[in-house]
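Here are a few notes to read alongside the model, for anyone opening it for the first time.

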Amino acid sequence: MKTASTFLLTLAVGLALAVPASATVSIEFQLGGIEVPAGSIGVLVADADGDGNFTSPLSPEAEGDLLSFGEMIGGDVIIAVFSPSGLAEWGTQTGFATQLAVLDYADLGLGEGDDLMLHVFPQRIAGQAIRAGEPHLSYRTDEIGQLTSNSTMGFSLPADGGAHLLAVIGSGQGGSADLASLDLRNLPYSQGNGSFDRTLGSPAARHTYFFELGASGFLSVDGIGGPGLVVELFGPGGQSVYTGGGAEFALYDTFPAGRYLLVLSREAGASGELGYELDFANSDVRFVVPDVAVGAGLTLLTGGNVLNGAPGQIASLTSVKANPVSGFATIANRGELPDTLAVRGSAGNALCAISYFNGAANVTAGLLAGTFRTAELVQGDEPVALRVQFAPNKKKLTKKKGRKSTILTKTFTSLVRADSTQGPAAMDAASINARTR
């Protein structure tokens, strides 16, 4: 059966347009009260394979698909592409109003009842290809509370014949739908340092920010929120690369080039308004600056404020008669960005065991595996102190010549290295040498 449909999409206000007499099915599509950037396009897709799942434009499967009528986004067929309209009645809100050509279900491989979904893409025009990490919003609902009382259909293709209305209207247009999740805007990250604050006004509110890193670079976002706030960053491949939230959150990391989505929402069950503030920068003026110093005692240290593993950060010990001897290493953060530093130490060998102690605790296993972490340190905090014990194997280092025994002269080295775990990669390292005689 050949079915013809004509769609009218109206975002922000319901607008009645004439329907061609040739249409056997006419559909007025109304969705009001949304926030999308100027230059956005709306793309209505149908679930052609009928599996009940829609392909995310973020997925690798969608990359390269064209945003054109009749094209596929994964397993979904595009049945409409809408350009923005600047109707004065909409005021400051952004939306679409257009009348489509006749829609033939059979030619598109569709049927009555196939589910629909609306995608909104910022800064795009019809016919362009989907890019990796394509910024977008997606919307559909069949919940009766989200449809107006005069709606005659949900988000699915209607039966042949007659006129149908799908209306999901926000309170600004006299409806009762909560469309707070349809909020998409450009994070002005590429324009330098800045900050702003906003509010998630309802349980369904979802604020989506998009930005692009033209080259691999450092991303710095500080945030202040509240209980129940969820913050998630999606990378160029659509994968989640950061999850945080709560009263305070901080994102400091180096990311590859590409498009990103920063999404703020709330935990299920959280109610009431939830305010948040974002403070962002192209490059963070605060850094982690690891500083390792070594010495025979905590008052005789070498390498303090000598950074990045620069030469000369060496302390020397002497083990008389191959007796155990200990030195010390301190780990500090001279930077203004707080961090728990990752610390690693060299292993001993059959001739000399090397052990590490933090106070009375033996932390050798953590130092050797690189899993030891300091408490959070920032500029001005007391450094973390480690005692480094060398225990030479006297039996293996003793050489007999007749009745006389001598201790072989050997030097054993512990390299203590501290690395940042926040912000750009930063390190420092210093050595303790123990010489037997």
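1. Let's begin with the pocket. Bear in mind that this is a predicted model. The largest pocket holds about 450 Å³ of space. Its lining is made up of 24 residues, and Leu137, Ser138, Tyr139, Ser181 and Arg206 are the ones that lie nearest the centre.

2. What sort of residues line this pocket? Eleven are nonpolar, nine polar and four charged. Strands E9, E10 and E19 each supply at least two residues of the lining, and E10 gives the most, with three.

3. Five strands make up an open sheet in the order E4-E5-E3-E9-E10, with antiparallel pairing. Strand E4 (72-73) and strand E10 (137-139) stand at the edges with a single partner strand each, so one side of each has no neighbour in the sheet.

4. Now for the partner of E10. Strand E9 (residues 116-121) runs antiparallel to E10, and three bridges join the two.

5. As background, nonpolar side chains in soluble globular proteins tend to be buried together.

6. Next, the aromatic rings. How many aromatic pairs are there? The count comes to four. In one of the pairs, the ring centres of phenylalanine 196 and tyrosine 209 are 5.5 Å apart and the planes are at 50°, so the pair is tilted. This pair links distant parts of the chain: phenylalanine 196 is in strand E13 (residues 194-200) and tyrosine 209 in strand E14 (residues 207-213), 13 residues apart. Are these two residues, phenylalanine 196 and tyrosine 209, buried or exposed? Both are buried.

7. One more pair to look at: phenylalanine 255 and tyrosine 260 have ring centres 5.8 Å apart and planes at 65°, so this pair is edge-to-face. Phenylalanine 255 and tyrosine 260 are both buried. Ring pairs also bring in Phe211, linking Phe211, Phe255 and Tyr260 into a cluster.

Technical notes: Residues numbered from 1 in each chain as written. Predicted model: local features only at pLDDT ≥ 70, side-chain atom pairs only at ≥ 80, totals over all residues. Heavy atoms only, no water. Pairing = 2+ DSSP bridges. Helix = DSSP H or I, 4+ residues; strand = E, 2+ residues; numbered from the N terminus. 1 Å grid on protein atoms, 1.4 Å probe; cavity = no way out; pocket = protein on both sides within 12 Å on 5 of 7 lines; lining within 4 Å. Points joined across faces, edges and corners; volume = space filled by probe spheres on them. Nonpolar A, V, L, I, M, F, W, Y, C, P; charged D, E, K, R; others polar. Phe/Tyr/Trp six-rings, centres within 6.5 Å; stacked < 30°, edge-to-face > 60°. Buried < 20%, exposed > 50% of the residue type's maximum accessible area, 1.4 Å probe, protein only.
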